[in-house]
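Welcome! Please take a moment to look over the sequence and turn the model around before reading on.

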Amino acid sequence: MNPEKDFSPLTPNIVRALNDKLYEKRKVAALEIEKLVREFVAQNNSTQIRHVIQILASEFALSQHPHSRKGGLIGLAACSIALGKDSGLYLKELIEPVLTCFNDSDSRLRYYACEALYNIVKVARGAVLPHFNLLFDGLSKLAADPDPNVKSGSELLDRLLKDIVTESNSFDLVAFVPLLRERIYSNNQYARQFIISWIHVLESVPDINLLDYLPEILDGLFQILGDNSKEIRRTCEVVLGEFLKEIKKTPSSVKFAEMANILVIHCQVADETKLTNDLIQLTAMTWMREFIQLAGRVVLPYSSGILTAVLPCLSYDDRKKNTKEAASACNHSLMKLVTPEDDEEEEEEEKSASTGSPSREDGKPKMDTDSNNMLNASQESVGFSNISFFTPASADRPQVTLDLDGIVQVLDRHLHDSSTGMMTRIAVLKWLYHLYIKTPRKMFRHTDSLFPMLLKTLSDESDEVILKDLEVLAEIASSPAGQTDQASSCDGTDNKLELKVPEVAKSGQQPSTGSKAVDSSPSTPSMNSYFYKFMINLLKRFSLERKLLENRGAFIIRQLCLLLHAENIFYSMADILLKEEDLKFASTMVQTLNTILLTSAELFQLRNQLKDLRTQESCALFCCLYRSWCHNPVATVSLCFLTQNYKHAYDLIQKFGNLEVTVDFLMEVDKLVQLIESPIFTYLRLQLLDVENNPYLIKALYGLLMLLPQSQAFQLLSHRLRCVPNPELMRTVDESKYMDAKQQVASKRASHIQINYNELLQHFDRVQSKHLEVRHQRSGRASDHPDRKLM
C-alpha cells in the first residue's frame with residue numbers, strides 16, 4: 001500500500017493500524033473508525049460516510065495484502081455499528097466487499113469476513129432482506145468450507161439470518177426461488193444440509209407460502225433424500241412430511257399436475273443396490289398415493305407414467321412391503337378414476353368430425369412437442385436418462401381426458417416382458433379387464449394388437465394369472481362393443497352357428513357396462529365376432545403346445561364354461577374340430593372335451609340338457625358334438641350313453657370290430673367303464689333294472705365287455721352286468737304302470753326321430769376312414785416305429 005496516498009478522512013494512525021498484522025491494533029483502528037463515522041452521522045454527512053466505506057472497501061478489503069484485507073473487514077463492520085439503524089442506506093457498499101472475501105484462499109481471512117458480515121447483518125436486521133440472495137449465495141459456499149472455524153462462523157451468521165427472515169413479513173420469495181432451485185442440486189453434503197435447513201425454516205413461516213413453488217424444488221428435495229448422511233435424510237423426510245401435511249389441508253391450491261411427472265421419476269428405482277433409493281421410492285410412492293386420492297381425475301393424463309412406476313412395485317417381496325402396499329393403493333385408486341364417461345368422448349369426436357371442425361388432438365400439436373422437449377431436457381439435467389416417464393396426453397385441453405393409448409402401451413409392454421413378476425402380470429390383466437368394462441369402444445381399437453399376447457399368457461405358470469387372462473379374453477369375446485354379423489356353421493353348410501344368448505339379451509335389456517365392478521363377471525354371455533376367433537386361436541395354441549393342453553387344457557376350458565356359456569364353448573369347439581386337419585390332435589382334443597363334459601361340475605347344466613333330447617336346440621347340439629366326437633370312437637359312445645342313445649351306441653360298438661384296436665383305444669374303453677360306475681351315470685345304471693325297455697343299453701355294455709381283455713375293468717363291468725335282473729321278475733303286477741313306463745320310453749325315443757342316425761353312422765365311418773388312412777401314411781413314413789396294434 002502506498003504510504004503517501006491520501007486516505008482522508010482516515011488519519012495516518014488509523015491507516016497504519018488497519019495494516020498491522022496484530023489483531024489488537026486493527027481493533028483499536030476499528031474503534032477510531034466507529035467514532036469518526038458517528039460524528040459524520042451526527043453531522044448528517046452522508047458524503048463522507050460513503051467516502052470512508054469506499055476507502056475501506058477498495059483500498060483495504062479488496063487489497064492484495066492479507067493484513068490490509070483483514071483491517072478493511074473489521075473497519076467495515078465498525079462503520080455498520082456506527083451507522084446503526086441508518087446502515088440500511090449503505091448496505092450494498094458494506095456487504096459486497098465482505099462477500100468477495102468469502103472466496104479468499106486464506107481461511108483466517110474467510111473467518112474474519114464471516115465475523116464482519118455477522119456484525120453488519122446484526123445491526124441492519126430486516127434491512128438486509130433486499131440483499132438476501134447475495135447473502136444466501138455467499139453462505140451456501142461457506143457451509144461447505146473445509147475449515148471448521150469458518151464453518152462455525154457461517155453457522156452463527158446463518159442462524160441470525162434465519163431469525164431475521166422468520167420475524168419479517170416482507171421476504172421476497174419470488175426472487176429467492178430461482179436461486180434455491182439452482183442450489184438445491186448441489187452434491188456437497190454440507191451444502192445440502194444448508195439448503196434443506198433453509199427450506200425447513202421457510203416452510204414453517206406462516207406468511208411465506210412455499211407450497212406454491214413446491215413444483216420447482218420437489219425434484220431437488222428427492223435428490224437430497226438420497227444423501228448418504230442419515231441426518232440430512234431425516235431432515236429431508238421431515239420437510240417432505242410437512243409439505244404433504246399442508247397439501248392434505250389445502251388440496252385445492254396444490255399444483256398436482258406440475259408435480260406428477262416428478263413423482264413418476266422418483267417412484268422408479270434406477271439403482272436397486274443403493275439403500276437410499278428405497279427411501280426415495282417409498283416416499284415418492286406415498287406422495288403419489290395421496291396425489292391420486294386428493295387430485296382425482298386431474299392425474300388421469302399422467303396415468304401411463306404412473307402405471308409404469310407402480311406396476312413393477314406390486315411384485316416386490318416383504319423386504320419392500322411398505323412400498324408394495326403404497327403402490328397397490330396407488331393402483332387401486334387410479335383404477336377407480338376410470339369411468340364410463342371416458343368412453344363417451346368417442347361420440348364427441350365423431351360429431352366434431354362430421355361438422356368439419358378439427359379434432360382436439362390436432363388443435364395444438366406444437367405445444368405437445370414443446371412439452372416433450374422441456375421434459376426431456378429436465379430428465380437429462382437431473383440424471384434420470386434410464387427412467388421412463390410420460391407427458392400428459394392432454395395438457396392443452398381444458399377437460400381432463402384418459403390417456404388410454406398410453407396406458408395400453410404400458411400394459412402391453414409389461415405383458416411382453418418375461419421378467420415381469422406374477423403380481424404385476426395379474427394387475428396388468430385386471431387393468432385390461434377394467435378398461436374393457438369401462439371403455440369398451442375405445443379398447444376394441446387395441447384388441448387386435450393385444451389378442452396374441454393375451455393368448456400367449458395362457459401358458460403362464462401361475463393359475464391366478466391364467467384366470468385373470470381368461471376373464472379378459474371372455475370379456476373381449478362377449479362384449480357388445482365387439483359385435484359384428486360374422487358367424488360360422490357347424491357342419492360346413494350354409495346354416496349359421498347360432499350361439500346361446502341369455503334371456504336378458506333376448507328381451508332387449510342390454511346390461512350396462514358402466515356400473516360393473518372391477519372383478520365382476522363379463523358383461524353378457526352373448527358372443528361377438530371375437531368369440532369364434534378366440535376359440536380358433538385357443539385350439540391352435542393347444543395344438544402347438546401339447547403340454548399346455550395336458551397340464552392346463554381342462555382347467556382353461558372349465559373356467560371358460562363359467563365365464564361364458566358352456567354350450568357356446570362346446571358348440572364352437574366342436575365346429576372348429578370338425579375342420580381340423582391334424583386328426584391326431586382332433587382325437588386328443590375330443591377326448592379332453594369329453595372328459596370335461598362327463599366329469600366337471602361346471603358342465604352340470606349342459607349334461608342335463610343333453611340327457612333328454614326333447615328340444616330342437618338340444619338335438620342340434622348333440623348332432624354338432626357328435627360329428628366332432630367321431631374323431632374319437634370311445635368318446636362318441638360315451639356321448640351316446642350320456643344322451644341315452646343306447647341303440648346308436650350299440651350300432652357304433654358293432655363297428656369297432658373294423659377299427660384298429662390299440663392300447664390307447666383299450667385304455668379309453670377302460671376309462672369309460674370307470675365313468676359308468678361314477679355318479680354321473682347313476683341314471684344309466686338304474687335303467688338296467690328296466691331290461692325290456694333298455695335292451696340296447698345292455699347289448700352296448702356287453703359289447704364293451706367283449707372288447708376288453710381280462711382286466712380289472714373287465715371284471716368290474718362283468719360284475720355289473722351279472723347284477724342285471726331277470727325281466728320276468730321285474731315285471732310288476734300292475735300292468736297299467738308297466739304300460740305307462742313303455743309309453744314314456746316310446747315318447748322319449750320319438751323325440752329322437754328328428755335326428756338322422758343313419759347319416760350320423762355314415763359320418764362316423766367317413767371320419768374313421770380318414771383316421772385309418774392317416775395312421776397308415778404315418779406308419780409308412782416311420783416304419784421303424786413299434787406297432788402297437790394288438791394281434
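The report below goes from the whole chain to single residues.

## About the model

This is a predicted model, in which local features need pLDDT of at least 70 and side-chain atom pairs count only at pLDDT 80 or more, while totals for chains, interfaces and linings use all residues. Residues are numbered from 1 along each chain as its sequence is written, and side-chain values use heavy atoms, with hydrogens and water left out.

## The whole chain

Let's begin with the overall make-up. The protein chain has 39 helices and zero strands. Both are DSSP runs numbered from the N terminus, with at least four residues (H or I) for a helix and at least two (E) for a strand. Of its 791 residues, 51% count as buried. Here, buried means under 20% relative accessible area, exposed means over 50%, and partly exposed lies in between (1.4 Å probe, protein chains only).

The chain exposes about 37600 Å², and carbon and sulfur atoms supply 50% of that area. Such areas come from the Shrake-Rupley method with a 1.4 Å probe; for residues, only the protein chains shown count as cover. Among contacts with a separation of 6 or more, 75% link residues 24 or more positions apart; a contact means heavy atoms within 4.5 Å.

## The largest core

Which residues have the most contacts inside the largest nonpolar core? They are Leu10, Leu221, Phe570 and Phe641, in a core of 248 residues. Helix α20 (residues 422–438) gives this core its largest share, 10 residues. A nonpolar core is a set of buried Ala, Val, Leu, Ile, Met, Phe, Trp, Tyr and Cys residues joined through side-chain atoms within 4.5 Å.

Take Leu221 as an example. Beyond its neighbours within four places in sequence, Leu221 is in contact with several residues, including Ile184, Ile196, Leu240 and Phe243.

## Two packed helices

Now find helix α25 (residues 529–544) and helix α26 (residues 546–563), which pack at an angle of about 150 degrees with their axes 8 Å apart. That angle makes α25 roughly antiparallel to α26, a label for angles over 145 degrees, whereas under 35 is roughly parallel, 65 to 115 roughly perpendicular and the rest oblique. The axes are lines fitted to C-alpha atoms, for helices over the stretch in contact, and angles run from 0 to 180 degrees between N-to-C directions.

Among the residues that meet are Phe534, Met535 and Leu538 in α25, and Leu548, Ile556 and Leu560 in α26. The residues of this contact divide into 10 nonpolar, two polar and two charged.

## An enclosed helix and a buried serine

Helix α31 (residues 633–642) is largely enclosed by the rest of the structure, because 10 of its 10 residues are buried. Phe641 is one of those buried residues. Just after α31 comes Gln644, with a positive phi of about 65 degrees. Gln644 is found in the loop between α31 and α32 (646–655) and is buried, with a relative accessible area of 11%.

Ser628 is found in helix α30 (residues 616–629). Is Ser628 buried or exposed? Ser628 is buried, with a relative accessible area of 0%. Not counting residues up to four places away in sequence, Ser628 touches Ala574, Asp575, Leu577, Leu578 and Val590.

## Backbone details

Arg125, a residue other than glycine, has a positive phi near 50 degrees. Arg125 is found in the loop between α6 (107–124) and α7 (132–142) and is partly exposed, with a relative accessible area of 29%.

Finally, the peptide bond from Ser8 to Pro9 is cis, with omega near 15 degrees. Pro9 is found in the segment before α1 (12–18).

Key
Nonpolar A, V, L, I, M, F, W, Y, C, P; charged D, E, K, R; others polar.
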